Amino acid sequence: MNRRDLIKNALLSAGAVTASGALAQEVTPSSKNHSFPLPPRTRSGERMPNILWVCTDQQRFDTIQGLSNSIIKTPNLEKFVGESVTFTEAFAQCPICSPSRASFLSGRYPHTTGLRANGQRIRPTERLVTRILADYDYTCGLTGKLHLSPCFGGRVEDRIDDGYEVFHWSHDISDQWPLKNDWYVWLDRQGVKLPKLSSQHVWGIPIDPKYSQTAWCSDMAIQFMRQQKEFNPWLMSVNIFQPHHPFFPTEEYLGHYDPAKMPDPSYHDGELDNKPIFQKVDHQGAYGGSAISFAKTSAEEHRKITAAYYAMIEQVDTEMGRMLSVLDETGQADNTIVIFMSDHGEMLGDHGMYLKGPYFYDCLTRVPLIIRWPGRFKGGTKINELVELVDIAPTLLNAAGIPVPSGMQGSSLMPLLTGQTTTLRDSVYMEYYDANAIFEIPPMMSCVRTAKWKLTFCDNPRTGELYDLEKDPGEFRNIWNDPHYKDTQEMMLQKLVARMIGTTDPLPERHVTW
């Protein structure tokens with residue numbers, strides 16, 4: 001029996017609950033003509049906020065107009081930043097999809113959730129923040145990707161008790177799942193045939209942007225928000241696949257970017273010489289040598305890839321604008337927390353690699369994190385303190401007035417969001433435990449980053465990386481085992497061990513001495 005049922009049983013004995021199990025409420029003018037109960041409220045009597053949670057896939061932190069990029073076109077996100085709190089130093093706990101998503105949905109670290117690699121299943125005992133919110137009368141919906149269990153080769157993703165009552169699943173833009181990828185089903189109903197996907201690195205899909213998976217995710221979210229307006233508080237996860245590779249925007253958006261005007265990747269010849277072997281492998285071909293090769297890609301093609309990546313993000317921006325407009329139109333904006341974020345970044349040719357892998361460069365682990373709650377959070381605020389994506393789940397529970405369970409390992413961002421404090425943590429912790437592609441030696445490594453230093457420890461082969469982020473913000477010069485930095489390396493190794501110990505699972509709870 002969960003906490004909500006216990007409360008209802010107690011209230012039932014006191015005559016405060018109806019036979020149907022709904023909390024008895026005093027009839028007010030706004031509820032006289034309705035048979036359904038008023039939305040639940042926090043302990044202080046305030047309305048529980050709605051939550052629009054937009055998560056893109058594989059989007060770097062430096063891809064928003066007016067915040068960190070002058071080339072990309074994201075006017076809606078630029079406006080949104082002016083209305084929100086922006087965390088400029090937000091980090092994923094793993095640079096790979098499934099471990100990162102399990103982590104921020106549960107508020108727990110990847111090795112704690114049991115999902116430390118793509119292709120694994122999250123433990124069925126894990127309680128996602130959406131399940132907890134649903135226990136407190138939230139209606140939770142999802143459109144797009146979830147990726148908490150295997151879904152490769154036509155497998156349909158298994159689900160735990162995740163709390164999502166409305167579920168529009170579309171893992172990616174491929175056709176691996178006949179009649180199961182809801183976006184493809186919707187396209188069929190519209191009479192739209194998606195062209196056969198190209199084998200090129202960059203391709204403009206010749207369809208109207210309104211039929212893209214990005215627009216479909218937005219359509220499903222808009223439909224949900226309109227339907228839920230009069231009912232219980234809601235959460236909608238909008239998990240857009242773009243700008244994840246393949247680099248296939250629609251033709252229209254690709255035409256907005258001239259490859260000749262795109263920046264070149266940040267890469268120094270020879271910089272990988274004293275770095276872990278996995279980076280040398282991925283330089284020749286991403287994903288352990290099986291995918292796009294930086295070494296075999298021309299300078300012109302590098303810039304085309306960047307143009308396509310930016311084009312996908314611009315369409316995300318368009319759909320973000322549509323969803324925010326519906327909140328305004330339906331009068332729900334003031335009582336809706338809106339989050340814009342990504343699960344991890346993209347190498348985009350930096351350091352001589354594409355996609356993602358066993359490394360922790362900022363371009364791969366640092367992500368956008370922008371949160372708006374009108375009247376509660378001061379718009380236009382930028383917070384430069386280190387935060388982790390595990391911090392999001394306890395933040396949402398805090399905002400809804402719901403107790404944070406002891407199993408959550410993140411720290412609520414509410415004190416930062418409301419200006420009650422200026423510091424939350426002095427480091428971020430990240431891990432990659434054989435999390436994605438197949439290498440001859442399974443990569444097992446973890447990382448700790450402070451404002452000044454970043455250290456990665458690799459177990460096999462026994463090596464590492466150390467960067468002075470003040471002198472070398474681009475992370476080009478690995479000073480691991482440099483005698484001039486011996487004391488710093490020891491200090492950061494101790495900090496890494498401390499963070500690893502600190503991420504020990506607090507569950508099951510200890511009840512007595514022995």
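Trainee: Which residues lie nearest the centre of the largest pocket?
Mentor: Phe152, Asp172, His244, His245 and Tyr287, out of 38 lining residues. A pocket here is an open set of points on a 1 Å grid over the protein atoms alone where a 1.4 Å probe fits, with protein on both sides within 12 Å along at least five of seven lines; lining residues have an atom within 4 Å of a point. This is a predicted model: local features need pLDDT of at least 70 and side-chain atom pairs 80 or more, while totals for chains, interfaces and linings use all residues. Residues are numbered from 1 along each chain as its sequence is written, and side-chain values use heavy atoms, without hydrogens or water.

Trainee: What volume does the largest pocket have?
Mentor: About 1,100 Å³, counted as the space filled by probe spheres set on the points.

Trainee: Changing topic, how many disulfides are there?
Mentor: Zero, in a search of the whole structure. A disulfide is a pair of cysteine sulfur atoms within 2.5 Å.

Trainee: Is cysteine 458 buried or exposed?
Mentor: Buried, at 0% relative accessible area; buried means under 20%, exposed over 50%, partly exposed in between, with a 1.4 Å probe and protein chains only.

Trainee: And what does isoleucine 371 touch?
Mentor: Its contacts (heavy atoms within 4.5 Å) include Phe87, Ile339, Phe377 and Leu417, leaving out residues up to four places away in sequence.
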